[in-house]
Amino acid sequence: MAIDWQKLAQRYRDAYLADLKTLVGIDSSRDDALATADYPLGPGPAKALIAFLDLAKRDGFTVKNRDNLVGYVEYGTGDQTLAILGHADVMPAGKGWATDPFELTAKDGNLYGRGTSDDKGPALAAYYGLKMLKDQGIDPKMKIRFIVGTDEESDWTGMNHYLDLEPAPTLGFSPDAEFPLINGEKGNVTFETHFKGGNVGPFTLQTFDSGLRMNMVPRDAEATVTVPDPAKLKTSFEMFLAHAPVTGDLTVEGTTVHLQLVGKAAHGMEPKNGINAGTYLATFLGQFEFGGDAADFLHLIANDLHDDSRAHRLGLNYTDDVMGDLTMNVGIMTFKADQAGVVNTNFRYPTGTGAAQILAGLQQATAQMNVTVEQGREMVPHYVDPSDPIVATLMDVYRQQTGDTTAQPEVVGGGTYGRLMKRGVAFGALFPGTADTMHQANEFQPEADLLKAMAIYGQATYELTK
């Protein structure tokens, strides 16, 4: 069937933008403090899922909501199932936005708002790709399920729930990464190092707070300290700011000093793209005479973790020829005097190393400290051979639609729903050369890119199921 997919996508522009405005308007970040029986991850993720399914019901699709955790849109029949896996949840907006993060804003050809790039914009483009097939009367030769998760940015609760209740798809792709195609994803594991809240000596760390999620480079950090000479600390802070790639502020009340730093947020899969305000603040404070658990907390961050995304100082640096470097993101750092402290580290690792080696490195670094190191969820490395038909077909579609005949599949540190299937990959929607603003303030995606992605997804879904 000869279809001009890009011309067809342009016909859907206004409808697509209206639907994206609806989805972006929902703050769908997970909030366990507001969880209920109806809203198991808080109201936002469930409301975004319901909104997505309502769009599909409007368009005449069969839909199913599984306990407000996950849902799917179904089209076609057959013994095999092609899954298209997107997510309706978003990262917390955080600070630093020039526009309302939950209002779709068009400016200079770009669409701004939380989720425009990760993943409401791309997921909706993939949904419209499926809608193209239905509206054209195309009868796929296998069942297609467009699956919408609600917790991709945290624990994948929704997709795990789906796989508990539904048969695993035969093959599929997730529109939640970048083009041309991701056929390999590094392993992913998080650790928490837990401290007591003790202080000893002339300096007291009252509070320290930085980070929103383990897979996000912290943009902001703040701490409250009690010191013998606030004027001296202030002078040192000003000298520190003159040479560090962060901005900051300091206020004094008696012997109590409150410090704030602002860095740059980025996706945790490549920490070098951000500026970690938390590790910079710990580096500044670590030069003073803190003691006890507070000193250990600052020492671990400043001496072993700061500005070392490849974990050389922990002795964990590792590189694989196919998957590349192990990376480490210091995502959350908190401390409260007389209570507790936590340092959260997220590792993306290639084949050849793993959680056991990483745990050993963290335990060795903290052997002289009164801490415990706890391992969180682990996802092992995932790889689909480039010769697999799903890779070959999707790459061919991408090359046809873009004219980039030299494009090759890639391996990344990000984790997508594609890894849930043996023959699963990530496919778009960030194009080469477009700024990656996922997990950052002022997140955006060019409108033209999203419409081009829609065309790619329409043809891809057709080619995989014809």
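Predicted model: local features only at pLDDT ≥ 70, side-chain atom pairs only at ≥ 80, totals over all residues.

The second largest pocket holds about 310 Å³ of space. Of the 20 residues lining this pocket, K95, L212, R219, D220 and A221 are the closest to its centre. Two or more lining residues come from each of β11 (204–210), β13 (220–226) and β15 (256–262). By class, the lining of the second largest pocket has nine nonpolar, five polar and six charged residues.

Residues are numbered from 1 along each chain as its sequence is written, and side-chain values use heavy atoms, with hydrogens and water left out. On a 1 Å grid over the protein atoms alone, a pocket is an open set of points with protein on both sides within 12 Å along at least five of seven lines, a cavity is a set where a 1.4 Å probe fits but cannot get out, and lining residues have an atom within 4 Å of a point. Points are joined across faces, edges and corners, and a volume is the space filled by probe spheres set on them. Ala, Val, Leu, Ile, Met, Phe, Trp, Tyr, Cys and Pro count as nonpolar, Asp, Glu, Lys and Arg as charged, and the others, Gly among them, as polar. Helices (H or I, at least four residues) and strands (E, at least two) are DSSP runs, numbered from the N terminus.

Now move to the largest pocket, with about 500 Å³ of space. Its lining has 23 residues, and D155, T190, E192, M214 and N344 lie nearest the centre. Strand β21 gives the largest share of this lining, five residues. The classes in the lining of the largest pocket are seven nonpolar, seven polar and nine charged.

The largest cavity has a volume of about 220 Å³, and E152, H267, G414, G415 and T416 lie nearest its centre among 24 lining residues. Strands β8 (177–178) and β21 each supply at least two residues of that lining, which has eight nonpolar, eight polar and eight charged residues.

The second largest cavity holds about 40 Å³. L85, I147, M159, Y162, L163, P169, L420 and M421 line this cavity, and they divide into eight nonpolar, no polar and no charged. Helix α5 (residues 157–165) gives the largest share, three residues.

Finally, look at helix packing. Helix α4 (residues 120–135) and α11 pack at an angle of about 50°, with their axes 7 Å apart. That makes α4 oblique to α11 (under 35 degrees is roughly parallel, over 145 roughly antiparallel, 65 to 115 roughly perpendicular, and the rest oblique). Axes are lines fitted to C-alpha atoms, for helices over the stretch in contact, and angles run from 0 to 180 degrees between N-to-C directions. Helix α10 (residues 389–402) also packs with α11 (residues 447–465), at about 140° and with axes 9 Å apart; α10 and α11 are therefore oblique to each other.
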